[in-house]
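The following exercises concern a predicted model.

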Amino acid sequence: MLFIDVFLSEAGRSVKNFIDTNLPYILAGISVGGQYALIAIGYTMVYGILRLINFAHGDIFMFAGFAMVYLAAWAPLYVAIPLVLIITVLLGFIVERVAYKPLRSAPRMSVMISAIGVSYLLQNLAWYLTSGLARQYPVIPWISNSVDIGSATTKIVTLITPVLTFVLVVALVMLIKHTKIGMAMRALAKDFETSQLMGIRINTVISITFIIGSFLAAIGSLLYFTNYTSVTPISGAMPGLKAFVAAVFGGIGSIPGAVIGAFIIGICENIIKGLGWTTFSDAFTFALLIIILIARPTGLFGEKSTDKV
Amino acid sequence: MTENILHTEKLTMQFGGVMAVYNLTIDVYKGEIVALIGPNGAGKTTAFNCITGVYEPTNGSVSFCGKTIVSNHPQGRMKKLYAGDRDITRSKVISPTPDKITKLGIARTFQNIRLFKSLTVFENVLVAKHMRAKQNIFSATFRLNWPEEKRAREECLELLEEQGLLQYKDELASSLPYGLQRRLEISRALATKPKLLLLDEPAAGMNPQETQELAEFIVRIKDKYDLTILLIEHHMDLVMKISDRIYVMDFGKLIAHGTPAEVQQNQRVIDAYLGVADDA
Amino acid sequence: MADKKVHSFIVKNRVTIIMVVLLFAALFILEKILPPSSMFFVVLKKGAIYALVAVSMNLLNGFTGLFSLGQAGFMLIGAYTYAIFTIPPEARDTVYQYFDGGIIKFALPVPVAMILAGLAAAFFAFLIGLPVLRLKSDYLAIATLGFAEIIRAIFQWDKLGPITNGSNLLRKFPGFTSVLFPFAVSGICITLIVLLINSSYGRAFKAIRDDEIAAEAMGINLAKHKQLAFTISSFFAGVGGALLAMYQTTVQASAFTSAMTYEILLIVVIGGIGSVTGSILSSFLFIACSEWWLRFLDNETYIGSFRVPLLSSGFRKVVFSIIIMVVVLFYRQGIMGTKELSADAITRFFRKLRGKTKEEAAK
C-alpha cells in the first residue's frame, strides 16, 4: 500500500514538474492547435467533397493576414475585421470558380496541379505587393493582452482560441447535421455523381464549402497572427501543410477528426520545441503524416472504402 | 481422367456485412468451356477476383492444376463477423498478387474493358509479353536482349493477324470500335500464353450477330491455343451454345450445376432469373 | 557482326546524330563568340540542368503515373553528396569551420562523385518507396512532399554538421565553366531515360499509368515496377542536383524547398506530361522567361516622367504565375501533349516544305 502511495505521489510530482517546465509550450500548443484546426477544417471539407487537396488554402490564410495589416492601417478595427472576413471569403470563392470549377471533369492530377499553381500565384502576388518585407500584424486589443496562468505568462488569445474553435466547430457540425445544405454536403461527399442526379445544385454547395472553409481560415489568421505577429508571403505555407496533415491524421473528410488532429499536432510540435529539438518540430509533423499514411491511411476517424474492380 | 485445371474449395468473400460469395466449390477440367451465370450481383465477378488474386478471399482455397494457389481463412475481425464456424478451412494462408497468378498461367478479361488507352493496339499486346521475358532493367534499356524482344514482337504480330487486328496495329487502342476492343482485350490475355482463360462478360453490349461471331471465336481460340475457358456471361444463347457445363450462382451461393440442358430445366434457376427469355 | 550492328544503328539514326553534332558545334562556337557573362549562357546552363530534372520527374509522374512531389529532396541529396565528396582536402577546414574540418578528409574525382550523387539519391528513394508507393495518388503526393521536408530538416541538423556542415553552406567544390558540360551530362542521362521509356519496361510503366489493375492482370508486378520507376527517377534527380551544385558553386539545404519541386512540376506540365521533348523545351522556355526575358517587368520604367504602373520588383513572377495558370486551365496538354519532337518529324516537316516549293516552281 505504502509503496503504491509513494509511487503515485512520485509519478504525480514528475507529471507536475513536466507540466510546470513545459506549461508555456503546452499553452502555445493548445493555441496554435486551435488555429491549425480552423485551417484544417477547410482542407477536410474540400477533400471530402471534391477529393482535392487545396494547396492554396494555406495561402488564402496568409492573404487574410496581409489584408488585416493593410486594412487596419486604413480603417478602425471594427470595420477592418469584418472586411477581412469578407475579402477572404471572396478570395476563396473566386479561386474555386476560376481555378477548380473548370477542371471538375479533368483527372485528379490536373486539379491538384492547378491548386499548386494558385498557391504559387498567391505567394508571388503577395511578394510583389509587399516587396517581400515582413509586415507587422496590428495589435487587436484585449486578446493581445497578457495573462498569467500558473507559472507561465501568455496572451489572452491562447485561451480564447480553443474556446472559439470549439464554438465554431459545434456550430459547423450542427449546420452539417441539421440543415438541408449540410445534408447536401454530406451527400456530395458520399457519392458525387448520384448527388448530381438527385438534383443537388453542386455549384452552390461547393461554393458554400469553400466559403465556410475560407471564413474559418480568416478567423484562424486573426488568432494566429496575433500570436506570431510577423506576416510574410510564405507565412501560410507551413501552417497550411500542418493543418493538412492534421486533417489526414484525423481522417480526411471528418471534421472532428481534423480538429483533434490539429490539437495533437500543435501540442506535440511545441513540446518538441520545449525539449530543445526546434529543427525537428516541423519534421515531426511530416513524420507523423507518413506514419499515419502507412499504418492507418484513413486516419483516426476516417472510413474505409473498397473499390469495385 | 481429364486433368483438373481449376478447383475452388469453399471459396468465400465477405465485405464487412455483405456476403458476396459463399462456399463456392467448382471444378473446371482441361479443354472444357464452363460458364458461370447468375443474376446481377450474384457474385460472379467477385469470384473471378478471388481466383485471380485481386481480392483476398475471406475463406477457402483455389487450386490450379492440382497445386493450391490461393488460400485463406477468417482472421482478426472477420472471425467475429463470419457466419458458420464449421465451414472455416483452417489452412496455410497463400495470398499472391494478381501478377503472380497470371505468371502461373491464368489470364483474364474484365467486365468493363480495361485496355491501355494511351498505347497502340500493338503495344497493348506487347505489354503482355513483358512478364515472360528473361531480362532486367539494364539489359532492356541497352537492348542487350534484342533477340528475345524481336521474338516477342513477332509473336504479337502473328497473334494480331490471326485475330484480324493487324491493320490497326499502330492505332491507339481507344480508337477501335467496341467489338474490336473486346477482341483486343482477349488477344492481349492470349499473349500471356495462359492455360486457363477467364472471360468476364465477353459479349456485353453486343448484338446477336456479334455474339454469334464471338461464340465461334471463343471455340476457335480454345482449340488453337489448347485452352480451358471459364466464362461469366448474361447472353444465354452464347452460354447454352458453347458451354460444356454451367454453374449458376445467386446471392453468392451456388444454386445449380450441370449441362446446359439440365440447367435449363432446373426450377431453382428458372425462379432465380431464367424466366426472362430475352438476353439481359 | 558487332560493327555491322553499330553501322546500321548509325545509318538509321543519322539525322538525330547529325543534329546532336551540330548542336554541340554551335554551342562550342557560341562560347568563343559571346562574353561568358551573357544571359544566354545562364539560360543554357540552368536550362540543361532543369531539363534533366524535369525529364526525371516526367518519367515518374508522366510515364508511370506516380504523382510524387519529392524531387527537391532527391536533388538535395545528390547536390550534397557531390559537394561533400569533392571539396578538396586543403579547403575542408575553411568550409567546415564550425566542425573541425568535417570527418571526410578526402576528395573523389568529379565523375565518380556525380555517379555517387545519383546512387545516394536512388538509395534513399528505394527506402522511402517501400512504404510509400502503395498509397493512392494524392496521398503519395503528400507523403513524398513530407519526406522531402524531412530530408531538408535532416540536412540542416547540427548534429550531422561534420558531414553536412549543418545549416551553413557548402562551397569550394569543383564546378564547370563551359556550357558543353551540363549539356553533355544531361544529354547522356536523358538519352538513357528515353531508351528506358522505349523499352519493354517503359511499356510496363505506361501500362501501370493507364490501368494498374489491368497491368497487374498482365503479369506486371506493381510494387517492383513502381519501385524501379521511383528509384531510377530519383537517381537522375540526384545527378541533376549535383549539376545544380556545380553550377551554383555553393549549396545550402534551405534552398531545396517544396517550391523548387513545384517549379519543376510546372515545367513538366507546361511541356506536356508524357513528352520528353516537351519537358526539355519547356525547361529552356521557363528558365529563359524567369531569368531573362521577363526581367524587364521587374524594373521600374519611366516613359518621359510618367511612371508605368505595375512594373516593379516581383511583377515578373506574378505575370509568370498567371501564364502558368492559363496553361494549366486552358492548355492542359501543354506544348507537346504526349507527342515527341523527333528527327523524323523534323525531316518530314522540311520535306513537306520542299515538296510545296517544288509544286510552286512547277506551276
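**Exercise 1.** How many residues does the contact take from chain C, and how many from chain B?

*Solution.* Step 1. Residues count as in contact if their C-beta atoms lie within 7 Å. On this basis, chain C contributes 22 residues and chain B contributes 28 residues.
Step 1. On the side of chain C that touches chain B, the elements giving two or more residues are helix H9 (180-197), helix H10 (200-210) and helix H11 (212-217) of chain C.
Step 2. H10(C) gives the most to this side, with seven residues.
Step 3. Sorted by class, the residues of this side of chain C are twelve nonpolar, five polar and five charged.

**Exercise 2.** How many residues of chain A are in contact with chain C, and which helix of chain A gives the most to that side?

*Solution.* Step 1. The contact joins 34 residues of chain A to 33 residues of chain C.
Step 1. Helix H4 (108-130) and helix H11 (279-295) of chain A each provide at least two residues of the side that touches chain C.
Step 2. H4(A) gives the most, with 15 residues.
Step 3. This side of chain A comprises 25 nonpolar, seven polar and two charged residues.

**Exercise 3.** What does helix H5 of chain A reach from its first C-alpha to its last, and which of its residues are buried?

*Solution.* Step 1. H5(A) covers residues 156-178, which is 23 residues.
Step 1. Its reach of 33 Å is close to the 33 Å expected at 1.5 Å a residue.
Step 2. A residue is buried if 20 or more other C-beta atoms lie within 10 Å of its own. In H5(A), the buried residues are A:Val157, A:Thr158, A:Thr161, A:Thr165 and A:Leu168.

Technical notes:
Residues numbered from 1 in each chain as written. Chains lettered and ligands numbered in written order. Predicted model: local features only at pLDDT ≥ 70, side-chain atom pairs only at ≥ 80, totals over all residues. Helix = DSSP H or I, 4+ residues; strand = E, 2+ residues; numbered from the N terminus. Expected span 1.5 Å × (residues − 1). Buried ≥ 20, exposed ≤ 12 C-beta atoms within 10 Å, placed from the backbone. Contact = placed C-beta atoms within 7 Å. Nonpolar A, V, L, I, M, F, W, Y, C, P; charged D, E, K, R; others polar.
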